[in-house]
Amino acid sequence: MAKLLEVEGLQVRYGGIEAVRGLSFSAEEGRIETIIGANGAGKSSALLAISGIVRKAGGSIRFRGEDITHMRADRIVRLGLVQVPEGRAILSPLTVAENLELGAWTRSDAAGVRAELERVYGLFPRLSERRAQLAGSLSGGEQQMLAIGRALMASPKLLLLDEPSMGLAPMLVSLIFSTIAGIAASGTSVLLVEQNARAALKIADRGLVLSHGAASIEGTSEELLANPAVVEAFLGKV
Amino acid sequence: MDLSLFANPVFLVQNLVDGLSRGALYGVYAMGFTLIFGVLDILNLAHAATFMWCAFAGYLVMAVGGLPLPAGLAAAMLAGALIALLLELLAFRPLRREGADKLSSMISSIGASLILVSLAEAAFGAQTRRFPNSVLDPKPFYIGGFSGVRISRAQILILAASVVLMVGLGLFIRRTKMGKAIRAVAASQKAARLLGIDVNGVIVVTFLVAGALAGAAGILVALLTNNIVPGMGNQIELRGLAVVILGGMGNIEGAVVGGFVLGLVETFTIAYAPGGSDIKDAIAFLILFIILLVKPNGIMGRGKADRA
Ligand SMILES: Nc1ncnc2c1ncn2[C@@H]1O[C@H](COP(=O)(O)OP(=O)(O)OP(=O)(O)O)[C@@H](O)[C@H]1O
Ligand SMILES: [Mg+2]
């Protein structure tokens, strides 16, 4: 199976704080890979470093065989690696439609973009109803739909999702997770960071536990769900 | 106070014409100033020096080069875009780092402004430059005979050009893909980068547009006053800042409205208040102060979220 993303010895530092210390993992095409870990484990830092938003203190990253370690963030998006960051990064003063349109900023195939927009509106009819509304006035759940829909507008090869279920009511959480499973089924690979480990492992093919900035446990979702250390740390309280 | 002035409709309309054309100039100048603030959160204090250089650029092309008015307008706007590009590359970008203090870029723009003004003084001296009559016929039009309302060709040009620029900028920012990217960068640089937007590229476009607007304001003021000197930026600098604050920092529609408010208030103070031209600044700024007491975020200000 072709390696889509290869992360080798990734390090991220903020001043004296070592947020990520030598993280290595890979993501394969057509799969959902999940990263779980406690608060402050370095999950968001790792994702932001992969996307070129946060500076890497060390390590290397390859995407579709190309070295993107020192690539600018906008070029990385152009290659098809798109992130929905923690907190969603919605452009509040712009409308829903404008947010989606900017999601396709890197594309020049007008017909493809129009078709993509219809797909996104089909996936999230709520966004279609609110297309002329300012994004900042959407509810938290709607903003998450907008963030995911906007990322899909770029037609990504790999979608990075940082805690998409954060702050959402249980019903919305299951909608978001089934949507993510659907996105992967239609051919977009997904790297999913989650606090909600059980739900994440349920839809993921493989998982990785990040603790103190490095991978501590790795395996298939079944292996992790059955691993006593994982059960105790992340799945204990149901 | 001469009460008969209030009953004179010609005098009223005359002041409306003068006030609107003065306000249009403030609006065009302030749009560029507020655009950069909206996108970068910094005050570009070299905007007035850019404005002044563009007046000279238009002067050189038309009065020295003998080219017609459209070429002079184009040259002024092009010069403004070019100077603003240099400001971005030399004065702002080197200081733009994650978490860098916005005050440092303000100081850097003050330095750039001083350099631009000294260069103009060295190049042109303190002597006032004036356009020959061939550039723009100074004879005004009269509406309703010689005792009627007087409007100069420069005023007609200013009103027409400012409407084109205001509507054009509005459409550019609201409707075009680049305009939306500018608003995205204004809202969040990180979000824009995650969408694949080249933030520095968008900032360059922003500076080009803002500089062109400073250029348009510069050449239009030069045509109206026919008084081109290296210090001409001083006249508009504080007023531009006041207009931007009055309209709501970073708010383009606000800059237009604020420009017209200040232009009209100044003109009517001169016309109707006793000793008007001596106290016009005091009265104008007193009125701005009162407006800001009522609306502290400016006339159109709704806080950071709605900028640009
Ligand atoms: N911009 C920053 N400046 C300084 N320290 C930071 C910054 N961002 C994160 N950190 C620190 O780096 C460490 C890792 O943070 P990170 O946000 O990557 O964790 P996380 O696993 O995503 O946590 P959470 O589950 O709470 O989102 C934490 O100790 C955090 O305080
Ligand atoms: Mg996080």
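Colleague: Which side chains meet in a salt bridge at 2.6 Å, N to O?

Modeller: A salt bridge is a side-chain nitrogen of Lys or Arg within 4 Å of a carboxyl oxygen of Asp or Glu. In this predicted model, B:R239 and B:E266 meet that way, at 2.6 Å from N to O. The pair links distant parts of chain B, 27 residues apart. B:R239 lies in helix α9 (residues 233-247), and B:E266 in helix α10 (residues 252-272). Helices are DSSP runs of H or I with at least four residues, strands are runs of E with at least two, and both are numbered from the N terminus.

Colleague: Are B:R239 and B:E266 buried or exposed?

Modeller: Buried means under 20% relative accessible area, exposed means over 50%, and partly exposed lies in between (1.4 Å probe, protein chains only). B:R239 is buried, and so is B:E266. Salt bridges that share partners also join B:R22, B:R239, B:E266, B:K280 and B:D281 into one network.

Colleague: What must I know about the ground rules?

Modeller: Residues are numbered from 1 along each chain as its sequence is written, while chains are lettered from A and ligands numbered from 1 in the order in which they are written. Because this is a predicted model, local features need pLDDT of at least 70, side-chain atom pairs count only at pLDDT 80 or more, and totals for chains, interfaces and linings use all residues; side-chain values use heavy atoms, with hydrogens and water left out.

Colleague: Which residues coordinate the magnesium ion (ligand 2)?

Modeller: Start with the rule. Donors are N, O and S atoms within 2.8 Å of the metal (3.2 Å for Na, K and Ca). Water is not among the atoms, so sites may look incomplete. Here the donors are OG of A:S44 and OE of A:E86, at 1.9 to 2.2 Å. They come from distant parts of chain A, 42 residues apart. A:S44 sits in helix α1 (residues 43-50), and A:E86 in the loop between β6 (81-84) and α3 (96-103). A:S44 is buried at 18%, whereas A:E86 is partly exposed at 37%.

Colleague: How many aromatic pairs are there over all chains?

Modeller: Rings of Phe, Tyr and Trp (its six-membered ring) pair if their centres lie within 6.5 Å. Planes under 30 degrees apart count as stacked, over 60 as edge-to-face, and the rest as tilted. By this rule there are nine aromatic pairs over all chains. Take B:F56 and B:F124: their ring centres are 3.9 Å apart and their planes at 5°, so the pair is stacked. B:F56 is in helix α2 (residues 47-64) of chain B and B:F124 in helix α4 (residues 102-124), 68 residues apart. B:F56 is buried at 0%. B:F124 is buried at 9%. Elsewhere, B:F11, B:F268 and B:Y272 form one aromatic cluster.

Colleague: Which charged end sits over the ring of A:Y121?

Modeller: A charge sits over a ring if NZ of Lys or CZ of Arg is within 6 Å of the ring centre and within 35 degrees of the ring normal. At A:Y121, the charged end belongs to A:R131, 4.1 Å from the ring centre.

Colleague: What does a positive phi tell me?

Modeller: Most residues other than glycine have a negative phi. A:S155 has a positive phi, near 55°. A:S155 lies in the loop between α6 (140-152) and β7 (158-162) of chain A, and is partly exposed at 35%. A:E163 also has a positive phi, of about 50°. A:E163 sits in the loop between β7 and α7 (170-185) of chain A. A:E163 is buried at 7%.

Colleague: How far apart are B:A75 and B:C54 in space?

Modeller: They are 7.8 Å apart, C-alpha to C-alpha, and 21 residues apart in sequence. B:A75 is in helix α3 (residues 69-92) of chain B, where B:A75 is buried at 19%.
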